[in-house]
Amino acid sequence: MAMNFLTAKTHAVIFKFCLLLPAAALPSFSAAMGLMLEPAATHCGKSEIVAATAPPAAAQRLAGSQAVQGQRNMAWAWLGSPTERYPHTALGSRTHSGSVHVLTVTPSGALQEIIYRLPINRVFEDLTLRLVDIDQDGRDEIIVIEADLLRGASVVVLGLQESRNGKKLKELARSPPAGSTFRWLNPVGVADFDGDGKLDVAAVITPHIGGVLTLYHYRPPQLVPYASAMDSSNHLMGSTEQQLAVIMQQPGQRPTIVVPDMSLKALHALRWEGSGATAKFKELADVIPLPARIQRIVPLPGTAGAACVLLADNTWWRVTLTTTH
């Protein structure tokens with residue numbers, strides 16, 4: 001199982017068109033050691049799923065953020081309490097969120113809003129909440145970027161728990177911080193990267209300044225880093241677009257992370273292989289250059305081993321894992 005962290009944009013019909021690249025202008029394909037890149041088909045990246053209308057309670061959410069619909073114990077979740085107490089502009093604005101809001105369904109069928117508020121020295125420096133059953137117990141957890149005034153950003157996992165006064169949101173785990181004020185990170189997705197049967201989290205630490213792709217074990221109360229790869233980035237400073245990497249899966253193989261290099265103009269294909277002290281990231285392909293900066297990467301609907309790449313010149317490309325070993 002692999003789960004890419006897609007913003008709510010991908011669940012709406014926002015891909016109105018995909019450009020078919022002129023055959024004379026670009027090569028028909030390029031491939032090396034397990035990764036193939038080719039001009040996109042007409043419908044690459046297009047989703048036919050239309051997002052549901054957010055509930056009225058989410059109307060006051062952080063500007064530019066997404067209300068996310070859940071399929072398990074969380075009906076809806078969103079970021080609230082806009083604040084400028086941490087004026088970092090990684091996502092294009094000095095305004096961030098001070099709270100997470102979740103709607104749950106009570107036994108009577110009514111919706112109940114549960115709020116998790118941060119102390120004054122922290123914010124959620126994010127534009128979407130990622131709902132995933134990371135511990136595989138049938139209930140959703142929330143994965144979100146939290147930033148501390150002095151220590152920078154961490155990946156944080158929140159979950160619903162029963163208390164004496166009913167349900168409440170509680171921090172379940174967090175990663176080590178990025179290191180200092182205004183140091184940020186951006187999640188990639190969740191998958192069993194090391195083959196131990198448990199879901200792990202992938203994120204890029206400091207994607208704007210020497211980005212490091214990092215894998216974390218979920219070990220409450222911690223997200224414990226166990227793997228890293230340099231020269232990785234999944235975000236352009238100041239952009240609201242956070243979807244610049246994707247997890248792919250081939251039958252019988254561990255998940256592969258396709259992520260841009262620091263220039264955002266070439267792609268890495270990285271898989272964690274081996275076990276114990278000899279385990280390491282394997283680069284499945286030579287780093288493949290692109291004719292323009294990568295703007296967005298999304299899984300190709302209906303496939304596990306392909307994705308669609310939108311470039312800054314408005315051209316679409318299809319990237320596919322091949323069966324080469």
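The protein chain exposes about 14,100 Å², and carbon and sulfur atoms supply 56% of that area. Areas here are Shrake-Rupley values with a 1.4 Å probe, and for residues only the protein chains shown count as cover. This is a predicted model: local features need pLDDT of at least 70, side-chain atom pairs count only at pLDDT 80 or more, and totals for chains, interfaces and linings use all residues. Residues are numbered from 1 along each chain as its sequence is written, and side-chain values use heavy atoms, with hydrogens and water left out.

Of the 325 residues, 52% count as buried. Buried means under 20% relative accessible area, exposed means over 50%, and partly exposed is in between, with a 1.4 Å probe and protein chains only.

Next, secondary structure. The chain has 24 strands and zero helices. Both are DSSP runs numbered from the N terminus: H or I of at least four residues for helices, E of at least two for strands.

Now the cores. A nonpolar core is a set of buried Ala, Val, Leu, Ile, Met, Phe, Trp, Tyr and Cys residues joined through side-chain atoms within 4.5 Å. The largest one has 41 residues, and Val100, Ile142, Ile143 and Leu169 have the most contacts inside it. Strand S11, residues 152–163, gives the largest share of this core, six residues. Another core, of 22 residues, lies apart from it and includes Leu37 and Ile297.

What does Val100 touch, leaving aside neighbours within four places in sequence? Its contacts, meaning heavy atoms within 4.5 Å, include Trp78, Phe124, Ile142 and Leu169.

One hairpin. Strand S6 (residues 96–105) and strand S7 (residues 111–117) pair in the antiparallel sense over seven bridges; pairing requires at least two DSSP bridges between two strands. Five residues separate S6 and S7 in the hairpin, and Gly109 in the turn has a positive phi of about 95°. Leu103 has Glu113 in S7 as its bridge partner.

On to backbone exceptions. Most residues other than glycine have a negative phi, and most peptide bonds are trans. The bond from Pro220 to Pro221 is cis, with omega near 10°. Pro221 sits in the loop between strand S15 (212–219) and strand S16 (222–229). Ser81 has a positive phi near 55°, and Asn314 has one near 70°.

Last, is Arg174 buried or exposed? Arg174 counts as buried because its relative accessibility is 19%. Arg174 lies in strand S12, residues 166–174. Beyond neighbours within four places in sequence, the contacts of Arg174 include Arg122, Glu146 and Pro221.
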